[in-house]
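Subject: the model we talked about

Hi,

Here is the structure for you to open. My notes on it follow below.

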Amino acid sequence: MERAYYVTTPIYYISGNPHIGHAYTTIVADVLARTARTFGPTFFLTGTDEHGQKVANAAAAAGKTPQEWCDELVPRWKALFAAYHVEYDDFIRTTEPRHVEKVLRVFERLRERGDVYLGKYEGWYCVSDETFWLESKLVNGRCPTCGREVQWISEDDWFFRLSAYRDRLIEHFERNPGWVQPRSVYNEMMAILREGLDDLSISRTSFDWGVPIPEGGVIYVWLDALLNYITAIGWSEDDAFFHRYWPAQTQLVGKEIARFHTIIWPAILWALGEAAPELVFAHGWITVDGQKMSKSLDNAVDPFLLADRFGADAMRYFLLREAPFGSDFSYSEEKIAQRRNSDLANDLGNLLQRTLSMLARYRDGIVPERGAHRGGLGERFASLPIMVRERILELRFREALESIWELVTTLNKTIDERKPWELHKAARTEDLNAVLYDLCEGLRWLAMLLHPFMPERMSEMWEQLGAPGRIDEDWASALGAWGGLPPATQTALSGPLFPKIEFETVAST
Ligand code: MSP
């Protein structure tokens, strides 16, 4: 079977309402998946992490059973992704039977292999991060990741022989220096490996909201959660199908959970006889006043309000354009408004508006013949689609958008320099046709290349242009050479794509 492009997001704890940070990773995955789909089979997985103490506590505080709580919250997460035009191929919930039964199967396999043994865990635990901590790792007695209080636990637990995989992990890191990105995270993980690894407790006995182990206790929520990436694609059921997707090309995570995905996860996969993912990319945080945006720090911004206020596509654009992917960036509504007004309303929206209104005025809205006069745009931008695709798949989204913007700028300059209104006045029919044609063709290219970033607005642009075919076709064949837009195409100017907005503050949740 042909290999598919497989991209995943973390599965989100449903201990409360989602915020824009949660939408962020899923939007990024959607841009990747939409791009990959234009040229081949693709699978995009997201979902919710529903077991564990954190979710159980949230349910108890709301006076519900954990299952009731999860069932009520999941639709909010799905609504969030829909509001941001995310088209995932599957949404996995860790409470679904298709997942639960395979988690237990994994546990049994690890036990059969001798990778699991019974021992005693005594140490600290951070409920918010669902993480075990050694005393020596705490910072001022608190969780080194989130700074919250930790609790002392003392239990008879099952342990996974993580320490036995240390040498193989180091070798894997050394042989595949690009497998964890960005480099700063790779280095951090290498430092952890060099320091040494302890075995990992993979069960809990003091509470019961998890996948039950026949002898008692439940599977540790992180083992349960990581397995979603393989249970969703048929691990242990249909090998040919499974290996069409696994190993995943791209696993996106926030940097705070890089250790789980680059140290624990490959070791578990190897214990199961499977390969490590090709790439784990640990991106930075959306921050507020220098701190990670998070529900519990009470600085979270309601993503639904943001989509209403700024438009889902403008938000998507902002999130991918504002900072290089990987770095932290500070949340600012002023910056979102600025991006929308300058890049989207002025540069792009006006370009469409000006082009189609000139076309309406001078050519009854019909795309003219290209004529013999060719502006050279075709040659200049010939490699753009391939370059943009490469940059997106390398997760260099900002650079991809900057390259696309060169075409936007060039088209705007073409209008300013060639002055179609003067060509019209001077009755230079051929010259005017050539300019108008190039503008329409350029806009068609822009709609296609920007579609993964702004699916709704770009589909609208595509319609206004009257472009034939689908906007999500393979760029290489659809854009192949400049001149794919057939002359005599009827365009239909409608309202502005990105009306300018006044800036005002959106309340925090
Ligand atoms: N359930 C675990 C992940 C298990 S994956 C097998 C978890 N869930 S979480 O709800 O805390 O979500 C974490 C992810 O949400 C982060 O890794 C990141 O992808 C995203 N983000 C949460 N807050 C964020 C920001 N402030 N900024 C950017 N991304 C953020 O950890």
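This is a predicted model: local features need pLDDT of at least 70, side-chain atom pairs count only at pLDDT 80 or more; totals for chains, interfaces and linings use all residues.

Numbering starts from 1 along each chain as its sequence is written, and side-chain values use heavy atoms, with hydrogens and water left out.

**The ligand site**

There are 24 residues around the ligand, and those that come nearest are Ile11, Thr25, Asp49, Glu256 and Ile286 (a residue is near a molecule or strand if one of its heavy atoms lies within 4 Å of it). Strand E2 (12–13), helix H1 and helix H7 (221–226) each supply at least two residues of that shell. H1 gives the most, with four residues.

- Ile11 places a backbone N or O atom 2.8 Å from a nitrogen atom of the ligand.
- Gly21 has a polar backbone atom 3.3 Å from a nitrogen atom of the ligand.
- His283 has a polar side-chain atom 3.5 Å from an oxygen atom of the ligand.

How much of the ligand does the protein bury? Taken alone the ligand exposes 670 Å², and 96% of that is buried by the protein (areas by the Shrake-Rupley method with a 1.4 Å probe; for residues, only the protein chains shown count as cover).

**Thr35 in H1**

Back to H1, which spans residues 20–37 and includes Thr35. Is Thr35 buried or exposed? Thr35 is buried, at a relative accessible area of 0% (buried means under 20%, exposed over 50% and partly exposed in between, with a 1.4 Å probe and protein chains only). Leaving aside residues up to four places away in sequence, Thr35 touches Arg389, Ile392, Pro452 and Trp475, where contact means heavy atoms within 4.5 Å.

**Strands and sheets**

Two strands pair if DSSP finds at least two bridges between them.

Another open sheet has three strands, in the order E15-E14-E16, with mixed pairing. E15 (291–292) and E16 (329–330) stand at its edges with a single partner strand each, so one side of each has no neighbour in the sheet. E14 (residues 286–288) and E15 are antiparallel, over two bridges, and Val288 stands opposite Gln291 in E15.

E3 (residues 42–49) and E4 (90–93), by contrast, pair in the parallel sense over four bridges. Leu45 has Asp90 in E4 as its bridge partner. In a regular strand the side chains alternate between the two faces of the sheet. E4 is covered on both faces: Asp90 and Ile92 on one side, and Phe91 and Arg93 on the other, are all buried.

Most residues other than glycine have a negative phi, and most peptide bonds are trans. These are worth a look:

- Gln181 to Pro182 is a cis peptide bond, with omega near -5°; Pro182 is in the loop between strand E8 (180–181) and helix H6 (183–195).
- Trp246 and Pro247 are also joined by a cis bond, omega about 0°; Pro247 is in the loop between helix H9 (239–245) and strand E12 (250–254).
- Glu130, in the loop between E5 and E6, has a positive phi near 50° and is buried, at 0% relative accessible area.
- Ser236, in the loop between helix H8 (228–231) and H9, has a positive phi of about 70° and is partly exposed, at 29% relative accessibility.

Cheers

Notes. A polar contact is a pair of N or O atoms within 3.5 Å; within protein, one must be able to donate a hydrogen and the other to accept it, and residues adjacent in sequence count only if both atoms are side-chain atoms.
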